[in-house]
Amino acid sequence: MMLRTSTLLLLGSVFLLSACSAPSKKAPSATSATTGYQSTNTPTDKYIAKRVTTLAGFTLASSNNVCVDHFNFLKEAQSNNYPKYTKDYGDIGKGYRFLNINKNIMDKDAKDVYTMMLEMKLDTLCTKVQYSGYAVVKDKIKELSSI
């Protein structure tokens, strides 16, 4: 009797798990996999879907670092500020290398002040880069306004 109960319990558990893990049957969606655009097959929808599909291949991936993404945007937009900001970013990087090399022999207060200064400079630079990106977009909008 004990063997039969454990066998039934085991079979019941297997049946329950297999029922829970079975893939659900969904009706096919009219949403395009490449564009994510729900088409209703009107001429306007077809035109939009075609345009979205042609542009989708030229997007840049995010680096998951907002400041680096703003730098990449300025680079791709060929902003005149990009070379100066890149030099400043390199100088801040030299400061961080100096800190990392000397952090074990520096006075704690000096290390804290220097670290805060580097962080402030980096935050300021990232804000300048972000603002320059807004200026680029503003110029692009001006170009479109003449159409």
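Set aside the neighbours within four places in sequence, and Ser-79 is in contact (heavy atoms within 4.5 Å) with Leu-74 and Val-136. This is a predicted model, where local features need pLDDT of at least 70, side-chain atom pairs count only at pLDDT 80 or more, and totals for chains, interfaces and linings use all residues. Residues are numbered from 1 along each chain as its sequence is written, and side-chain values use heavy atoms, with hydrogens and water left out.

Ser-79 sits in the loop between helix H3 (66-76) and helix H4 (82-102). Its side chain also reaches the backbone nitrogen of Asn-81 at 3.2 Å.

Then there's Ile-141, found in helix H5 (residues 108-145). Here's how the two residues compare on accessibility, where buried means under 20% relative accessible area, exposed over 50%, and partly exposed in between (1.4 Å probe, protein chains only):

| Residue | Relative accessibility | Class |
|---|---|---|
| Ser-79 | 13% | buried |
| Ile-141 | 53% | exposed |

As for the fold, the protein has 5 helices and 0 strands, with helices being DSSP runs of H or I, at least four residues, and strands runs of E, at least two, numbered from the N terminus. From the N terminus on, that reads α-α-α-α-α. Buried residues account for 13% of the 147 residues. Take the contacts between residues at least 6 apart in sequence: 42% of them join residues at least 24 apart.

Key: A polar contact is a pair of N or O atoms within 3.5 Å; within protein, one must be able to donate a hydrogen and the other to accept it, and residues adjacent in sequence count only if both atoms are side-chain atoms.
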